[in-house]
Amino acid sequence: MGNYNTIQGGKGYVKRSKRKKLAVDDSLNKPAPTHDGIKSVMADNLCNFSTNSDLCICMVTWNMNGQVSYEDLVELFGNNRGFDLLVVGLQEVPRKDLARLLQDALVDTHELLGEATMQSLQLYVFGTKNSYMFVKEMKVDKHGVGGCGGMRRRKKGAVAISINYKGLKLVFITCHLSAHARNVEKRNSQCRHISHSLFSKYCNNPYTTPAHITVWLGDLNYRLQGINTHPARNLIHRNLHKLLRSKDQLLQEAERGQIFNGYCEGTIAFKPTYKYNVGSSNYDTSYKVRVPAWTDRILFKIEDPNKITTNLHCYESVDDIYSSDHKPVRAHLCLKVHK
């Protein structure tokens, strides 16, 4: 730990800083004696990027399966780009200059403010043109939990960026956790270790304050529990996939108080994002015939809801991208600060 990556971004270049522990949410470190689970928030699909919000953030997570094209990136971000910040968490990134490809896709509207990378696990924060002037401080960190960075580029762990933007301390964490339905406890443990290791709030600096908002986005790899592939696919085919939410391991483990206590997530209305046949919208037809699952998620937590109001305007999968066995997931969150 402590091996920081340089943060880059043209005019918005921020020098890497000496290691200094930050205070962030600690709700993953141990099971809570009292817990709320993950709160489901309905997306209203109403944002017009008006002045009613102090900060609008678009967040995207995508397991790329080692493939990328410029056209996919354009599709990933959509046409309506009025958001202040764009946060992109990527897993299984190919051996290409992703930062440059992302900048090319966003050149007309946004510029790179910062990045954190650990082999195939990468996180980028973009802001509108000249928004670097609103960045007071930025730090990065990373924590590996296994996997390999070899030919398949499946590094497991997390990378994070902490940024003070317009006076708000924001922490973004993208992760790739262990696979397979049987590894629930392993994923729980990885979540807690990552939360404890990244920007720990157990520090000696009395002036360090918690983040106003903490966001996790990534391939968390939680699967469906207690249902076989054919019944699950039948429900999806009949557009009854909402009935599968009760089988979701992530929601189950949060309800048990194991992870993500007090976090919010958009109500899942989209189909499971894994595992697809590459090049199609058909679920896995290999000999494994995997059970579809919502492996790819975006979760957020507000430190003090009395001081910051949040509105979730979308939580959706991007189904028109076919180059990976995962569908990307996108969320749009706007914040209003109460003076």
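Helix α1 (residues 70-77) packs against helix α2 (residues 98-106) at an angle of about 60 degrees, with the axes 9 Å apart. That makes α1 oblique to α2 (under 35 degrees is roughly parallel, over 145 roughly antiparallel, 65 to 115 roughly perpendicular, and the rest oblique). This is a predicted model, where local features need pLDDT of at least 70 and side-chain atom pairs pLDDT 80 or more, while totals for chains, interfaces and linings use all residues. Residues are numbered from 1 along each chain as its sequence is written, and side-chain values use heavy atoms, without hydrogens and water.

**The helix pair**
- α1 passes α2 in a right-handed crossing (the near helix is turned clockwise from the far one by less than a right angle).
- From α1, the contact (heavy atoms within 4.5 Å) takes Y70, L73, V74 and F77, and these meet L101, L102, D104, A105 and L106 of α2.
- Eight of the contact residues are nonpolar, none is polar and one is charged (Asp, Glu, Lys and Arg count as charged; Ala, Val, Leu, Ile, Met, Phe, Trp, Tyr, Cys and Pro as nonpolar; the others, Gly among them, as polar).

**The largest pocket**
- The largest pocket holds about 570 Å³ of space (on a 1 Å grid with a 1.4 Å probe, a pocket is an open set with protein on both sides within 12 Å along at least five of seven lines, and lining residues have an atom within 4 Å of a point).
- Its lining has 28 residues, with A179, H180, R223, Y274 and R290 nearest the centre.
- By class, the lining splits into seven nonpolar, eleven polar and ten charged residues.
- β6 (135-148), β7 (154-165) and α3 (184-197) each give at least two lining residues, and β6 provides the largest share, three residues.

How values were computed
Axes fitted to C-alpha atoms, helices over the stretch in contact; angles between N-to-C directions. Helix = DSSP H or I, 4+ residues; strand = E, 2+ residues; numbered from the N terminus. Points joined across faces, edges and corners; volume = space filled by probe spheres on them.
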